[in-house]
Amino acid sequence: MFEELVEIIVNYVEVQKEAITPESRFMEDLGFTSFDFMSMLGEIEDTLDVEIDQEEAANIRTVQEAADYLERISHE
């Protein structure tokens, strides 16, 4: 799930794939704006065919947290 997430992240911010780690924070480290983050969530929903809870998404700070969350909801 982490690798798929990295592929999507690089479409939204100008960061090299190699620079994205599980600990990378979307806003502070990768330079996401709130709009970028919400747009990315929409793409993830379409790509992975999942429905992301907006309240839970608001608590996601790192790439690993997002990967863990997506892993969890994709098996529900």
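1. Helices here are DSSP runs of H or I with at least four residues, numbered from the N terminus. Ser24 sits in the loop that links helix 1 (2-9) to helix 2 (34-48). Keep in mind that this is a predicted model, where local features need pLDDT of at least 70, side-chain atom pairs count only at pLDDT 80 or more, and totals for chains, interfaces and linings use all residues. Residues are numbered from 1 along each chain as its sequence is written, and side-chain values use heavy atoms, with hydrogens and water left out.

2. Is Ser24 buried or exposed? Ser24 counts as buried because its relative accessibility is 5%; the cut-off for buried is under 20% relative accessible area, using a 1.4 Å probe and protein chains only. Setting aside neighbours within four places in sequence, Ser24 is in contact (heavy atoms within 4.5 Å) with residues including Asp29, Leu30 and Arg61. Its side chain also reaches the backbone nitrogen of Thr21 at 2.9 Å.

3. Now take a look at helix 1. Its buried residues are Phe2, Leu5, Val6, Ile8 and Ile9. Viewed down the helix axis, they fall within an arc of 160 degrees, so they line one face of helix 1; the arc is taken from the directions from the axis to the C-beta atoms. Helix 2 and helix 4 are among what covers these buried residues.

4. Not counting residues up to four places away in sequence, Ile9 touches Ile20, Phe26, Leu30, Phe32, Met40 and Val63.

Methods: Helix = DSSP H or I, 4+ residues; strand = E, 2+ residues; numbered from the N terminus. Buried < 20%, exposed > 50% of the residue type's maximum accessible area, 1.4 Å probe, protein only. Polar contact = N/O pair within 3.5 Å; in protein donor to acceptor, adjacent residues only side chain to side chain.
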